[in-house]
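Student: Hi! I would like to learn how to read a protein structure. Could you walk me through one, feature by feature?

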Amino acid sequence: MTIVALEREEAGTIPIFAMTADVYEEDMQKTKEAGMNGHLTKPLNIEKMMWMLTGYRESL
């Protein structure tokens with residue numbers, strides 16, 4: 001992924017989430033294979049998004 005490949009120290013620590021209407025297991029697997037940290041489906045669940053983001057913020 002372009003962001004993670006940037007020549008910046010923090011580039012590899014930026015959490016990247018897919019936001020899509022695709023909800024099938026194979027879609028989520030493709031997200032993971034692409035190197036993304038999470039998969040959020042539409043309609044967006046704000047509580048789930050905040051839970052995911054909080055976990056990454058605490059690990060930085």
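Student: How many helices and strands are there in the protein?

Tutor: Good place to begin! Keep in mind that this is a predicted model. The protein holds 2 helices and 2 strands.

Student: In which sense do strands S1 and S2 pair?

Tutor: Look at the direction of each strand and at the bridges joining them. Here S1, residues 17-20, and S2, residues 38-41, pair in the parallel sense, with 4 bridges. To get from S1 to S2 the chain passes through helix H1, residues 25-33, and this β-α-β crossover is right-handed.

Student: Which residues stand opposite each other in these strands?

Tutor: You can follow the pairs yourself. Phe-17 stands opposite Gly-38 in S2, and Thr-20 has Thr-41 of S2 as its bridge partner. As a general idea to carry along, side chains in a regular strand alternate between the two faces of the sheet.

Student: Let me stay with Thr-20. Is Thr-20 buried or exposed?

Tutor: The way to decide is to compare the relative accessible area with a cut-off: under 20% is buried and over 50% is exposed. Thr-20 has 17% relative accessibility, so Thr-20 counts as buried. This residue sits in strand S1. Leaving aside residues up to four places away in sequence, Thr-20 touches His-39, Leu-40, Thr-41 and Lys-42.

Student: And why does Glu-47 count as exposed?

Tutor: Apply the cut-off again. Glu-47 has a relative accessible area of 69%, so Glu-47 is exposed. You will find Glu-47 in helix H2, which covers residues 46-59.

Student: Where is Glu-7, and is that residue buried or exposed?

Tutor: Glu-7 lies in the segment before S1. Its relative accessible area is 83%, so Glu-7 is exposed.

Student: How many residues apart in sequence are Glu-7 and Ala-21, and what is their separation in space?

Tutor: Keep the two kinds of separation apart in your mind. Glu-7 and Ala-21 are 14 residues apart in sequence and 32 Å apart in space, C-alpha to C-alpha. Now try another pair: Glu-47 and Glu-33 are also 14 residues apart in sequence, with 25 Å between their C-alpha atoms.

Student: What is the peptide bond from Lys-42 to Pro-43, cis or trans?

Tutor: The general idea is that most peptide bonds are trans. The bond from Lys-42 to Pro-43 is cis, with omega near 0 degrees. Pro-43 is placed in the loop between S2 and H2.

Student: Now for the whole protein. What share of the 60 residues is buried?

Tutor: Buried residues make up 20% of the 60 residues. The accessible surface is about 4900 Å², and carbon and sulfur atoms hold 56% of that surface. Along its principal axes, the C-alpha trace spans about 35 × 25 × 15 Å.

Student: How many positive and negative side chains does the protein have?

Tutor: Count each set, then look at where their centres fall. The protein has 6 positive and 10 negative side chains, and the centres of the two sets lie 3 Å apart.

Definitions and conventions. Residues are numbered from 1 along each chain as its sequence is written. This is a predicted model: local features need pLDDT of at least 70, side-chain atom pairs count only at pLDDT 80 or more; totals for chains, interfaces and linings use all residues. Side-chain values use heavy atoms; hydrogens and water are left out. Two strands pair if DSSP finds at least two bridges between them. A crossover is right-handed if, with the strands pointing away from the viewer, the path from the first strand over the helix to the second runs clockwise. Buried means under 20% relative accessible area, exposed over 50%, partly exposed in between (1.4 Å probe, protein chains only). Accessible areas come from the Shrake-Rupley method with a 1.4 Å probe; for residues, only the protein chains shown count as cover. Lys and Arg count as positive and Asp and Glu as negative; His and the chain ends are not counted. The place of a charge is taken as NZ of Lys, CZ of Arg, CG of Asp or CD of Glu. Contact means heavy atoms within 4.5 Å.
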